[in-house]
Amino acid sequence: MLTILFDGIAYGMLLFVLASGLAVTLGLMNFVNLAHGSFAMAGGYVTVVLVNRLGVPFLACLPLAFLVSAILGLIFERTLYVHVYRKSHLDQVLFTIGLVFMSVAAVDYVMGSSQVFAGIPSVLQGQFDVFGIGVGRYRLLIIVICGLLTVGLQFILSATRFGSRLRAAVDDRRVASGLGINVNQVFAFTFAFGSGLAGLGGALGVEILGLDPTFPLKFMIYFLIVVTVGGTSSITGPFVASLLLGIGDVAGKYYVPKLGAFVIYTIMIVVLIWRPQGLFARGAAR
Amino acid sequence: MSGERSVTARSVNAVAASHLASRARWQPLEIAFWVAALATVFLLPGRHLILTEIAILALFALSLDLILGYAGILSLGHAAFFGFGAYAAGLLAKHEIVNEPVLALLLSGMAAMVLGFVTSFLVLRGSDLTRLMVTLGVSLVLREIANRYSDLTGGADGLQGVIMKPVLGQFRFDMFGHTAYYYSLAVLFVLFVLARRIVHSPFGLSLRSVKGNPSRATAIGISVDTRLVAIYTIAAGYAGVAGALLAQTTAFASLDGFSFDRSADLLLVLIIGGAGYLYGGLIGAIIFKFMQDWLSALTPQYWPFWIGLLLVIIVLVGRERITSWTDPIRRVVGRLDWRSALRRASASPAEGN
Amino acid sequence: MPVVLETIGLEVRFGGIVATNDVSLRVEKGARHALIGPNGAGKTTLINLLTGMLRPSSGSILLDGENITDLSPHKRVRLGISRTFQINQLFGDLTPLETIGLAISERRGSGGDWWRVVGSRPDVIAEIVEILEQFRLADVMGERTVTLPYGKQRLLEIALAIACRPRVLLLDEPAAGVPEDERHEILATIAALPADVTVLLIEHDMDIVFSFADRISVLVNGELFVEGAPEEIARDPRVKAVYLGEALDA
């Protein structure tokens, strides 16, 4: 049972890294970016190509995946997204769905539609026993990396100047820019960073979640659930939500295989009935 | 003296009444539209298959217009009701529970309405994002359920072995799609007239107020939740009927009915034609289907790319600018009373502000 | 005169801030009761509490003796409380005809009617026209609200509240934002409100307050500071201090 808990935590933390960028973008710019998964997919495919075709070691690909997705994010943000910020939520939804469709079809065309795999180094394969718990090495790596990232994010947000600027801009954009904070710069950087995180998550997730061109569509709902259940006003909210979902999904699929997939949806519905603004949201809903 | 005043009062009342009622009056362009639709029955016999698809899509888009265009509910999972209605109709026919298609259609629609009612409370509270999520979640849950219980639904292969009996016991479904088209067009027309009636009623007016300013609507005594539940339920029923029509005219139902693609395509259909005046879904369906036909011939596997590109372009250019071509139609059909608009245009400028 | 609207120890907190503090207000039937006070005193908050847009942390609200504290906003409207907003809250896309018609249909219970065509009931039409004429909106009745000048919109704002045929009408700064040349219409309209409608008015403009009100309550920092007839309030040095003190601090 503890193995399941362990696996669930790994899954949850992976979800968190994937979804955190979306949480920040939504909280910061009130922008519904359904194409977030496309940046994750980009990171995943970059890793696959680098490992399989160019023989780059897996661990070295992780920062590259982050970088590529971050750069992609920056480019898209500055050229396209910036025009859509002020539009209605419906427009944002239509726009990002459009991007998803385009990215899915484009990747399908370039990479083919079957699932792809990245060879993970043998040192990361298999598991070792810790007090009777089967600790998967790869999953341990995920937990370590994601844990460090979470701590790092929390640190950046609460202890650095950039973090304060970001939090100010999230709280009240007009006042923040009135205080001299370059809100556009903050947006661009944050969007790029969030996309980079998604890319990293995508790279890490190839092994656990599986990667094919429909990735952004398959996982869209998961990211949305994390963000809605966890709220967008903190890091801890989505973090706890991701863990809840990760453990719930893994446990559900193990103990109740016929209905396992519903656990996530049920959690979502229950939470939304109880607290429409998410578990951790502050005050008024967006 | 009082006689004079009562004459003036009566004439002001009459003007007021005519202003209000003018919206509901059938405009010539509308009549032309339906006459043209009827004409396709006779003039385009070779195209009845695709026309049936268009009619079904139009009905589906109409149902989305009711909640998005008139009540402002953003839904990413409207296909939930479509798929539900499709399976309902398919199962009714396959297991010979109800053999007559029209009756089965009504029952499937009602089943979808029940589903709509049950899930409506999820879209009442929360932000736009919550609604998107919840509606998407519901459609995905249904898809999962249909996938799991594959002994009932046929799972990924779809519902096989559906044999349709003749409509009203008389009109056999033929392989050229003639009966299918007459049937679908008739259903579309009847439901459209009903929707038109609803939209021009006090209930419809209250929906527009809820969409425009929900807190003010509450402040004049409107129970916003009740109205939203009502229109969501009705729209679910309409979507269910559309799904049932598809199942009946193709003798097949599949997981695709619940897919996100279907909900996303539907949004595009409604956006192309414009939401909020009932004809947008119909016009959008016509354009979308022909576009899909043409694009699929060009690039069968990657046509979602072009759909995606179209969505991106529409948003970047601006929905209003794109649909401004429908403005003359809107003005005539519902947004403004064109007769008084003409009168005002020709009246003296002194009447202005 | 009997008390038609009463609050008992009404209190609301936002986090650590007490926005409304132990407010016990009594409004008599048919009164023209003004609520004044410096900015941020909590006047609009009080209105939001009375209409149900805000739930109190403690205390109760009575309408003609009936406890309405737990009623949802739209139910309170049905019972006879309606309000206007400080900034116009109208339905931009609807015409004055449709806007007033909406309120009247709701009041008559036919708001949920999905079969009848709007405009097919002559009695409703007559009532709509009556109100529109009363508020000098008959000449623009078929225009979309968003195209109307601000003064006309303000009139519509008040007309809409009146169309609900309230027992108690809460006016939140009715003359706010109205250009000079259109103010007199607003004022004349307020002065001509039916005598059986009780009016609670928030206003900053002292001319309006003193010409219109028969009773004044002064709200400061969420508390009822002092209450009385206009002459008493005008003479009270503490009231002047509260206002002038604010000006000196600023």
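Biologist: Among contacts in chain B between residues at least 6 apart in sequence, what share joins residues at least 24 apart?
Modeller: It is 78%. Contact here means heavy atoms within 4.5 Å. This is a predicted model, where local features need pLDDT of at least 70, side-chain atom pairs count only at pLDDT 80 or more, and totals for chains, interfaces and linings use all residues. Residues are numbered from 1 along each chain as its sequence is written, chains are lettered from A and ligands numbered from 1 in the order written, and side-chain values use heavy atoms, without hydrogens or water.

Biologist: How many helices and strands are in chain B?
Modeller: Chain B has 17 helices and zero strands. Both are DSSP runs numbered from the N terminus: helices are H or I with at least four residues, strands are E with at least two.

Biologist: And how much of chain B counts as buried?
Modeller: Of its 353 residues, 57% do. Buried means under 20% relative accessible area, exposed means over 50%, and partly exposed lies in between (1.4 Å probe, protein chains only).

Biologist: Which residues touch the most other members of the largest nonpolar core?
Modeller: Ile97(A), Leu59(B) and Ile100(C), in a core of 248 residues. Such a core is a set of buried Ala, Val, Leu, Ile, Met, Phe, Trp, Tyr and Cys residues joined through side-chain atoms within 4.5 Å. Leaving aside neighbours within four places in sequence, Leu59(B) contacts residues including Val187(B), Leu191(B) and Tyr238(B). A second, separate core has 25 residues, among them Val4(C) and Leu35(C).

Biologist: New topic. What area is buried between chain B and chain A?
Modeller: About 3800 Å², with 80% from carbon and sulfur atoms. Buried area is the accessible area (1.4 Å probe) that two parts lose on being put together, summed over both. On the chain B side, Met133(B), Arg148(B) and Val315(B) lose the most area to chain A, together 16% of what that side buries.

Biologist: What about the count between chain B and chain C?
Modeller: Four salt bridges. In one of them, Arg208(B) meets Glu98(C) at 3.5 Å, N to O.

Biologist: Which element gives the largest share of the side of chain B that touches chain C?
Modeller: H1(B), with eight residues. The area buried between chain B and chain C is about 3500 Å², and carbon and sulfur atoms give 66% of that.

Biologist: Last one. Why does Arg154(C) count as buried?
Modeller: Arg154(C) counts as buried because its relative accessibility is 1%. Arg154(C) sits in helix H5 of chain C, residues 150-163. A polar atom of the Arg154(C) side chain lies 2.9 Å from the backbone oxygen of Pro174(C).

Biologist: How far apart are Arg154(C) and Glu182(C) in sequence and in space?
Modeller: They are 28 residues apart in sequence and 9.7 Å apart in space, C-alpha to C-alpha.

Definitions and conventions: A polar contact is a pair of N or O atoms within 3.5 Å; within protein, one must be able to donate a hydrogen and the other to accept it, and residues adjacent in sequence count only if both atoms are side-chain atoms. A salt bridge is a side-chain nitrogen of Lys or Arg within 4 Å of a carboxyl oxygen of Asp or Glu.
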